[in-house]
Amino acid sequence: MKIAVVILNWNGILLLEKFLPSLLKYSDEATIYVADNASTDDSISFVKAFFPSVQIVKNDSNLGFADGYNQALKYIDAEIYALVNSDIEVTENWLQPIIKTFVSEPNTAIIQPKILDFKRKEYFEYAGAAGGFIDQYGYPYCRGRIFDTLEKDNGQYDDHCEIFWASGACFFIRSQVYKDLKGFDGEFFAHQEEIDLCWRAFNKGYKIKYISESVVYHVGGATLQQGNPKKTFLNFRNSLLMLTKNLPKDQLFKILLGRMLLDGIAGIQFLTQGKPRHFWAVFKAHCSFYNLFVTYYKRRNKFQDLEYYNVKSIVYSYFIRKIIVFNDLFRIK
């Protein structure tokens, strides 16, 4: 299969210097691309000088994660796109199990490897861990990570399994499926766009899988730190937009109202924690959502699958029932 490993870059020369060598060493089956979002540092000249085999695609401006990939992938010919963050370290044979699965399972459209923490390599990493799910209200969680609680990798998720969403940190997708779904939602800019894309794929009957034999290590937060109010804004707004597009029709307004009430509680919590900038980020996220609601309501597909969640409320399970390990969600009644 023709595979393109595509790294989206914006002023990330230090990350490219650190992590491109492992990609080149262990990716003989693929062509490696750097898709540059109009960097103002020396990223491009550095890659040309020290990694001449790496192909470069230049975007005209910083289009964010979503449209940055949408634009760059128009110029890349491959059967499989491997969208890899610039702060990912890959390991030997990381591609082979992914390729094998795509070849043997035609209906599998999207795949995620095991994602471990680069700084604490025995632990799962926040952005994806061992595969993602959402609850009824659209809150994401992972095998190996619920909210801020990360599990140690003891082999408990050494399997192949269907998941609901794959992490954008290391995201494999068939190019034809990406095109059929019209790629990421550019309005999202960054955050939740991979969950939205996976949900749209799920509603069309495609399978999304986690393959544990493929292992990568992720730094996380290298471009936008966890405590940045912009990240709070994007996460809260994009979650509401995603729900509007993808929820089953008979549940849409009920779930949206419930999610907005939960967002309000989160905003108040930010105030009590002395984080007024994050409170305003939630407020602005809701204002932006109101402005975009009609547009996004019109983008709904004809079919939305009812069985999109396994846990009704991960917020209740985690904060009230004190369940912090993924497997315990289904053991404890």
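How many residue pairs are in polar contact between domain 1 and domain 2? The count is 19 residue pairs, both residues at pLDDT 80 or more; a polar contact is a pair of N or O atoms within 3.5 Å, where within protein one must be able to donate a hydrogen and the other to accept it, and residues adjacent in sequence count only if both atoms are side-chain atoms.

The model is predicted, so local features need pLDDT of at least 70 and side-chain atom pairs count only at pLDDT 80 or more, while totals for chains, interfaces and linings use all residues. Residues are numbered from 1 along each chain as its sequence is written, and side-chain values use heavy atoms, with hydrogens and water left out.

Please select residues 3–218, which form domain 1, and then 229–320, which form domain 2; these bounds come from an automatic or database domain assignment.

Next, display the surface. The two domains bury about 3,100 Å² between them, 59% of it on carbon and sulfur atoms; buried area is the accessible area (1.4 Å probe) that two parts lose on being put together, summed over both. Select Gln136, Tyr137 and Trp199, which supply 25% of the area that domain 1 buries against domain 2, more than any other three residues.

Finally, select lysine 245 and aspartate 185. Their closest N and O atoms are 2.9 Å apart in a salt bridge (a side-chain nitrogen of Lys or Arg within 4 Å of a carboxyl oxygen of Asp or Glu). Between the domains, the count is 4 salt bridges.
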